[in-house]
Amino acid sequence: MLKSRPDRYGAIAVSIHWLSAVLIRALLGSGFRAANAMDGATKAGLLRFQIPA
């Protein structure tokens with residue numbers, strides 16, 4: 001059941017939804033960790049994770 005039906009979303013739509021949710025959570029987490037980081041190298045490494053997004 002890859003395609004969506006009128007009564008249920010398909011596997012592709014569900015996968016895209018959860019992948020987006022995980023990536024958003026990871027970006028939020030790394031942003032908050034970078035904001036609280038004291039070491040400049042740690043902050044730079046965490047912010048480098050957000051550059052491609």
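Phe49 is partly exposed, because its relative accessibility is 43% (buried means under 20% relative accessible area, exposed over 50% and partly exposed in between, with a 1.4 Å probe and protein chains only). The structure is a predicted model, in which local features need pLDDT of at least 70 and side-chain atom pairs count only at pLDDT 80 or more, whereas totals for chains, interfaces and linings use all residues. Residues are numbered from 1 along each chain as its sequence is written, and side-chain values use heavy atoms, with hydrogens and water left out.

Phe49 belongs to helix H2, helices being DSSP runs (H or I) of at least four residues, numbered from the N terminus. Apart from neighbours within four places in sequence, Phe49 contacts Ala26, Leu27 and Ser30, where contact means heavy atoms within 4.5 Å. The C-alpha atoms of Phe49 and Ser30 are separated by 7.7 Å, although the two are 19 residues apart along the chain.

Ser30 is located in helix H1 and counts as buried, because its relative accessibility is 7%. Its side chain reaches the backbone oxygen of Leu27 at 3.1 Å. With neighbours within four places in sequence left aside, Ser30 is in contact with Leu46 and Gln50 as well as Phe49.

These residues form part of the packing of H1 (residues 11-36) against H2 (residues 40-50), whose axes are 9 Å apart at an angle of about 155°; axes are lines fitted to C-alpha atoms over the stretch in contact, and angles run from 0 to 180 degrees between N-to-C directions. H1 is therefore roughly antiparallel to H2 (angles over 145 degrees).

Methods. Helices (H or I, at least four residues) and strands (E, at least two) are DSSP runs, numbered from the N terminus. Angles under 35 degrees count as roughly parallel, over 145 as roughly antiparallel, 65 to 115 as roughly perpendicular and the rest as oblique. A polar contact is a pair of N or O atoms within 3.5 Å; within protein, one must be able to donate a hydrogen and the other to accept it, and residues adjacent in sequence count only if both atoms are side-chain atoms.
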